[in-house]
Amino acid sequence: MFENMPWGKRNRLASIVAPDGHALMLAIDHGYFMGPTTGMEKPASAIAPLVSYIDSLMLSPGILTSCVPSDFRKGIVLRASGGNTILDPDIDNEELILDAAEAVKLNASAVAVSVFIGSEHGHRTIMNLTEMVNAASKLNLPVLGVTAVGKALKDKKEKRYLAHASRICAELGADVVKTYYCEGFEEVVAKCPVPIVVAGGPKLNTDKDVLELCFNAIQCGAIGVDMGRNVWQAAYPEAVIAGVRGILHENLNVTQALELVESLKSKKTKRIELFSETRDE
Ligand code: R5P
């Protein structure tokens, strides 16, 4: 999949994509625009039981250095764009918040830059991606292009838009693209020449919905997921991540993965609502 890349880049990508070609990335970067959102108020304790199931963690640099032990051995995907929060009119007015050399100092396996294509600040965000691609290339640091939507683009989670945005990330040099799953997703994958991982989006109604999303994305050609809230906002985060892992790395179908999730619920810890006033929107 990454054969033609330089060794350093391939080595970094190997800590994100497992030998079976699939990638289970746990996204916990939400705080960069949402603050201490439900389920991620205390990142260190929230991720501790989940780490053994994942291939990599996607997070902000400050949460890496403050909440992740320095003997962490999974892949590290650092959020490198940001600048607005949910208290602003929209979140698309982003700039780069991390430079490539700083990411390498933090032993990043890759950096993630969001693009909000078609939004008010879309051009700026596209330039953020190109700037990072050029800087990261000098360090053999892979770049994850993230097709973000925000408020203005929230109705754009459909194949025509997502194929457009994903393809543009690939055209501009992203090594992997993160986008949303949608109806007709195989077309999004087919039109994007680099591997795709899917975000989970806001919390779905049931664990089965989460597993179906993962299974269908893989069937359509995604290499994996970069999923957050549907894991750590679940009642039983460890059971759900085990089910997701089952689909990605153990060839389980949805029924089998759901059986695994249900069987683990009695053995794994239920998530406790820590605070009643967390702001999610
Ligand atoms: C966007 O890049 C966000 O920061 C998250 O990383 C992304 O949305 C994946 O998380 P979730 O599965 O909760 O949507």
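Student: Which residue in strand 7 stands opposite Val115?

Tutor: Thr147 stands opposite Val115. The model is predicted, with local features needing pLDDT of at least 70 and side-chain atom pairs counting only at pLDDT 80 or more, while totals for chains, interfaces and linings use all residues. Residues are numbered from 1 along each chain as its sequence is written.

Student: Which strands make up the closed barrel?

Tutor: Eight strands form the closed barrel in the order 1-2-3-6-7-8-9-10, with parallel pairing. The twist averages 25° from one strand to the next, where angles run from 0 to 180 degrees between N-to-C directions of axes fitted to C-alpha atoms, for helices over the stretch in contact. Strand 1 (residues 23-27) pairs with strand 10 (residues 224-227) over four bridges in the parallel sense, and Leu26 stands opposite Met227 there.

Student: Why is Val177 called buried?

Tutor: A residue is buried if 20 or more other C-beta atoms lie within 10 Å of its own, exposed if 12 or fewer, and partly exposed in between, with C-beta atoms placed from the backbone. Val177, which is found in strand 8, has 28 other C-beta atoms within 10 Å and is therefore buried. The C-alpha atoms of Val177 and Ile196 are separated by 4.8 Å, although these residues are 19 apart along the chain.

Student: Which residues of strand 6 are buried on each side?

Tutor: Ala110, Ala112 and Ser114 are buried on one side, and Val111, Val113 and Val115 on the other. Six of the six residues of strand 6 are buried. In a regular strand the side chains alternate between the two faces of the sheet.

Student: What makes the unit of strand 6, helix 6 and strand 7 right-handed?

Tutor: A crossover is right-handed if, with the strands pointing away from the viewer, the path from the first strand over the helix to the second runs clockwise. Strand 6, helix 6 (residues 122-137) and strand 7 make a right-handed β-α-β unit.

Definitions and conventions. Two strands pair if DSSP finds at least two bridges between them. Helices (H or I, at least four residues) and strands (E, at least two) are DSSP runs, numbered from the N terminus.
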